[in-house]
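Visitor: Hello! Could you take me on a close look at one part of this protein?

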Amino acid sequence: MDYKNILYSAENGIATITINRPKALNALNTETVSELRDLVGKIAADSEIKVVVITGSGSKSFVAGADIVEMSTKNAVEGRAFGKIGQDTFTEIENMPQPVIAAINGFALGGGCELSCACDIRYASENAKFGQPEVGLGITPGFGGTQRLPRVVGRGYGKELIFTAGMIDAQEAYRIGLVNKVVPQEELMDTVYALAKKIAKNAPIAVQLSKAAINRGINCDVITGIAYEDEVFGLCFATEDQKEGMGAFVEKRKATFTGK
Ligand code: HXC
């Protein structure tokens, strides 16, 4: 599949997906969401990729939401179908085996905020702005925002953001736990890649199983979650990387992981 609205690059096990519709501030139309879904499926199946970064092109916007122009003429059936493709795509992102970092370089509104919440870790530039403007457009969030945002920031802040349709700046996003770090825009990608490299140095299977255990456990009770942890923890001892990681410690050398 040739992508019209998405750029893709990969280097040293770190993949970068760039939403690239700068004229519409990287708004997600059906074509862009379909391309994103296709690419996410391919990266998820690529064992060479250890970490994924998602960002937006330009210096103004991460993703300014779903495409309002396209949505404006949809009927109920079409609108719901559009929501579903976004929901499914973002759930696939959330469940990618590799950790996914959102590098939020500007507006993260509506579907953009929802996209960031489907990622595992969010870093933002100082000019980033966050919000869920949907109720001001006569709709609810529809790409997972009613579910993931309150799970990230708690239901009080989540409801305030959704009910008011207002915007918050990067510092407020940091204060409420929506982003892990805020840096000047010119430092954003270097800071994100430094994080990605730090993650990519570790045993890939252990990182991926940790993500799976957190994701599976976060929506259930602790005892059920601990049972998931029990499964993945045991599985690690069947990997070469566990032998390598612990062997390297005992032999006082640096571990070299192969992802096996
Ligand atoms: C379509 C968009 C867009 C969007 C911006 N553009 N956001 N087009 N859908 N979400 C387009 C503008 O129409 C404009 O095109 C160009 O990008 C530049 O935007 P401006 O408005 O001129 O820029 P600025 O004045 O700086 O304002 C930036 C902004 C504003 C505050 C981000 O563009 C804005 O409010 N955008 C909409 C944000 C939003 O409501 N997002 C949520 C969408 S609903 P032209 O052709 O005029 O140059 C959603 C639902 C998800 O996401 C679930 C769906 C199922």
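Visitor: Which residues form a positive surface patch?

Guide: Happy to show you! The positive surface patch is formed by Lys181, Lys198, Lys201 and Lys254. Before we zoom in, note that this is a predicted model, in which local features need pLDDT of at least 70 and side-chain atom pairs count only at pLDDT 80 or more, while totals for chains, interfaces and linings use all residues. Residues are numbered from 1 along each chain as its sequence is written, and side-chain values use heavy atoms, with hydrogens and water left out.

Now, what is a patch? Its residues have over 30% relative accessible area and no salt bridge, with like charges joined within 9 Å and nonpolar side chains (Val, Leu, Ile, Met, Phe, Trp, Tyr) within 5 Å. A salt bridge would be a side-chain nitrogen of Lys or Arg within 4 Å of a carboxyl oxygen of Asp or Glu. The place of a Lys charge is taken as NZ.

Let's pick one of the four, Lys201. Lysine 201 sits in the loop between helix 8 (185-200) and helix 9 (204-218). Lysine 201 has a relative accessible area of 59%, so it is exposed (exposed means over 50%, buried under 20%, partly exposed in between, with a 1.4 Å probe and protein chains only).

For another loop, look at aspartate 120, between helix 4 (111-118) and strand 7 (121-125). Aspartate 120 counts as partly exposed because its relative accessibility is 26%. Helices (H or I, at least four residues) and strands (E, at least two) are DSSP runs, numbered from the N terminus.

Conventions
Accessible areas come from the Shrake-Rupley method with a 1.4 Å probe; for residues, only the protein chains shown count as cover. Lys and Arg count as positive and Asp and Glu as negative; His and the chain ends are not counted.
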